[in-house]
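Thanks for making time this morning. I would like to take you through one model, going from a pair of helices to the ligand and then to the domains.

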Amino acid sequence: MTTSEQLFTQAQRHIPGGVNSPVRAFKGLSRAPLFIERAQYAYLFDVEGKRYIDYVGSWGPMITGHADPDVLDAVRRRLDDGLSFGTPTAIETDMADLICDIIPSIDMVRMVNSGTEATMSAVRLARGYTGRDRIVKFEGNYHGHVDSLLVKAGSGALTHGEPSSPGVPASLAEHTITLDYNDIEGVKRYFDVEGDRVAAIIVEPVAGNMNCIPPVPGFLEALREVCDQHGSVLIFDEVMTGFRVALGGAQAHYQVTPDLTCLGKIVGGGMPVGAFGGKRKIMEYISPLGPVYQAGTLAGNPLAMAAGIALLKKVRAPGFHDALTQRVDTLCDGLEARAKAQGINMITQRAGGMFGLFFTDAEQVQNFTEATGCNTEAFRQFFLGMLEEGVYLAPSNYEAGFMSSAHSEDDLQATLDAAERVFATLTL
Ligand code: PMP
């Protein structure tokens, strides 16, 4: 039998770090990543034949579980017609109509191939539409590996941003300002001084890339207000939250309407898909209607559209998100109770079908500084213990967890039983 360890060694010969996306490498976790052979329902099966209850779900798309038969059928039905034509196809209109129907703030939508492309294009569009260069983002929010968005705060809130990766020119990063997530006063202070120069605010309406941090009451509303006051475009990056926090995304859940929305993950049903859309008058700035250029050889790919549409139709079922939220509550309440019983300081935070575990003494975690203050070693031990028990959590304490409708009562109970055993082994 070939092991994950062996495959990881082989992979590192010709793939940087052995992975095609860094978080997969299990860096700092002192073991090789799992090499997965197949997946079904809530389960991953690795190359060694071991089964794992999966709370990553391919980082979000698999909201009805793996290998959903309806999604696979939809793809199979189109397969023999060919993979790509580079022409318009009717199924792209079906997808656009469906998205606009589910998310009322979207009047027009353009399909792309990843979440990164969605945010990159939305930022360019906002800049082109407003004629301004400056972008405001929040510390600990991730919007894909777009140059303008791989930027961290400079020293002091009113200074210019600094690249957070070599290869991003400082002259580009200086147009990106990074503020603290959930800091309403900080946003207002910044806009009072510089608001008229801001093309857009881009925000994860529930932060899912520094663990799971929902917005405090009034935060998203404040973003809407300053954008209205200063003619800036409000972009919700709902690549993770879209169709997950609620059917209509975080904007439906929190009742705050952005100008542009970025989508990914679920919208492609597990295929490489992203989308950005929003107000008609802004979207009409996109080529060929308008001057802002954006394009894609494989954008709107018919197989990808078939998978995405099939999945969106399923998550549209009445009560789908209530049931998903209930599962998250069962898991998170159960984990908190078991941690408490063993004197372990661990809290959970949740929004619809996503959740996060924090090893901390704090009662809540609201921003990047607080998230990075959590006990990384406790997380590492818990993660490795759960893996041993056959439960696959996100391999980083800065990632959210994802529930699916395929997680059964038994799966949740088995996860809680495993957690109880692993909590007992933690040496904090
Ligand atoms: N935005 C958010 C909020 C994300 O979570 C991610 C990816 N996890 C992206 C954008 C980038 O999407 P992709 O990896 O498909 O480029």
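In which hand does α13 pass α14, left or right? Before I answer, please keep in mind that this is a predicted model. The axes of helix α13, residues 376-388, and helix α14, residues 409-423, come within 9 Å and cross at roughly 130°, which makes α13 oblique to α14. As for the hand, α13 passes α14 in a right-handed crossing. The contact is made by Phe382, Gly385 and Met386 on the α13 side, and by Ala418, Ala419 and Val422 on the α14 side; by class, that contact has 5 nonpolar residues, 1 polar residue and no charged ones.

Let me turn to the ligand. There are 16 residues surrounding the ligand, and the closest are Ser114, Gly115, Thr116, Gly144 and Val239. Helix α4, residues 115-130, contributes the largest share of this shell, with 3 residues, and by class the shell has 10 polar, 4 nonpolar and 2 charged residues.

Finally, the domains. The chain is divided into domain 1, which covers 4-67 + 318-423, and domain 2, which covers 70-315, and their C-alpha centres lie 25 Å apart. The contact between them takes 28 residues from domain 1 and 30 residues from domain 2. On the side of domain 1 that touches domain 2, the elements giving two or more residues are α11, β13, β14 and α12, and β14 gives the most, with 4 residues. The residues of that side divide into 15 nonpolar, 11 polar and 2 charged.

How values were computed. Residues are numbered from 1 along each chain as its sequence is written. This is a predicted model: local features need pLDDT of at least 70, side-chain atom pairs count only at pLDDT 80 or more; totals for chains, interfaces and linings use all residues. Axes are lines fitted to C-alpha atoms, for helices over the stretch in contact, and angles run from 0 to 180 degrees between N-to-C directions. Angles under 35 degrees count as roughly parallel, over 145 as roughly antiparallel, 65 to 115 as roughly perpendicular and the rest as oblique. A crossing is left-handed if the near helix is turned anticlockwise from the far one by less than a right angle, and right-handed if clockwise. Two residues are in contact if their C-beta atoms, placed from the backbone, lie within 7 Å. Ala, Val, Leu, Ile, Met, Phe, Trp, Tyr, Cys and Pro count as nonpolar, Asp, Glu, Lys and Arg as charged, and the others, Gly among them, as polar. A residue is near a molecule or strand if its C-beta atom, placed from the backbone, lies within 6 Å of it. Domain bounds come from an automatic or database domain assignment.
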